Structure formats: C-alpha cells, structure tokens
Amino acid sequence: MVTKQFSDSPDEADLTRADSLAREIFSDVANKWALLIIESLGERTLRFSELRDEVEGISHKMLTQNLRMLERNGLVNRKVHPTVPPRVEYTLTEPGQGLRATVDGMCDWTHRYFGHIEASRRSFDG
C-alpha cells in the first residue's frame, strides 16, 4: 500500500488538494462502515464477532478491511490474546475517541433532521 509521506508542508493538510495526506486520511475514515464501526466501539472493547453483530449488514471482508484501515491510521487498537483459538479485541485509541465525537455529532444530526430528509425525499421522488 502506497502512503503519502507527511512533508510538514501546509499543502499536506489541505483537504481540497487531491494529492494531500489529509485527503487520503479523510478518504479512509469517511465511509459508512468506518463510521459505524467507530460508533459501535464507543468506549467498549469488542471482539470481531461482536463487532460484526453490532454493525448489521457488514460482511466479514468489509469488517476486516475497515478494522485494518482504522488500525493503520491509529484509530483502533487491536489486541491479540495468546489463546487457542486466538482472541482478538478492538478498542478505540485516543484519536479514535476524538473522531467518535464527530461521528456522534453526525448521528445526532441524522436523528434531528430525519423527518425533514424523509419528507424531502418523498417530495423529490414524487
């Protein structure tokens, strides 16, 4: 996997630039599965199967890919316990908790405007 290297340039933190590290990070975490995983973990520690049960509709493959991406970006901590079979647990890191505050805000916004958006869709769809 090719990753942009942070060069301490202000351009690297510019989300509007397609080649910026900030855009790469934003692209990683701004997907529905990542957001739902972050919300599901909250302040808890969950095993893979518990997360899969929490995030309805996510496939094994998508959960694996998103957990790896979140771990790579330092948002999730993965702990493997030396048991047979191995027990793997996931917890949000401090930056993950920081992102969770934003995700919580998005969830609150969704609940607040759910009726408005539903009515707009009905009107638009005719």
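This is a short chat about a predicted model of one protein.

Trainee: What should I know about the model before I start?
Mentor: It is predicted, so local features need pLDDT of at least 70, side-chain atom pairs count only at pLDDT 80 or more, and totals for chains, interfaces and linings use all residues. Residues are numbered from 1 along each chain as its sequence is written, and side-chain values use heavy atoms, with hydrogens and water left out.

Trainee: How many helices and strands does the protein have?
Mentor: Five helices and three strands. These are DSSP runs, numbered from the N terminus: helices are H or I with at least four residues, strands are E with at least two.

Trainee: In which pattern along the sequence?
Mentor: The pattern reads α-α-β-α-α-β-β-α.

Trainee: Which strands pair with β3?
Mentor: Strand β2, residues 76-81, pairs with β3 in the antiparallel sense over six bridges. Strand β1, residues 45-47, also pairs antiparallel with β3, residues 87-92, over three bridges. Pairing here takes at least two DSSP bridges between two strands.

Trainee: What do β2 and β3 form?
Mentor: A hairpin, with five residues between the strands. In it, H81 stands opposite R87, and R78 stands opposite Y90.

Trainee: And what stands opposite T45?
Mentor: T91, in β3.

Trainee: New topic. Which domain does UniProt place here, and where?
Mentor: An unreviewed UniProt entry places "domain: HTH hxlR-type" at residues 18-118. UniProt positions follow the numbering used here, feature names are shortened, and annotations may be inferred rather than shown by experiment.

Trainee: How much of residues 18-118 is helix?
Mentor: The span is 63% helix and 15% strand. Its end C-alpha atoms lie 33 Å apart.

Trainee: What is the radius of gyration of the protein?
Mentor: 17 Å, whereas a compact globule of 126 residues would have one near 14 Å. The radius is taken over C-alpha atoms, and the globule rule is 2.2 Å times the number of residues to the power 0.38. The C-alpha trace spans about 55 × 40 × 25 Å along its principal axes.

Trainee: What share of the residues is buried?
Mentor: Buried residues make up 28% of the 126. Buried means under 20% relative accessible area (1.4 Å probe, protein chains only), exposed means over 50%, and partly exposed is in between.

Trainee: What about contacts between residues at least 6 apart in sequence?
Mentor: Of those, 44% join residues at least 24 apart. A contact means heavy atoms within 4.5 Å.
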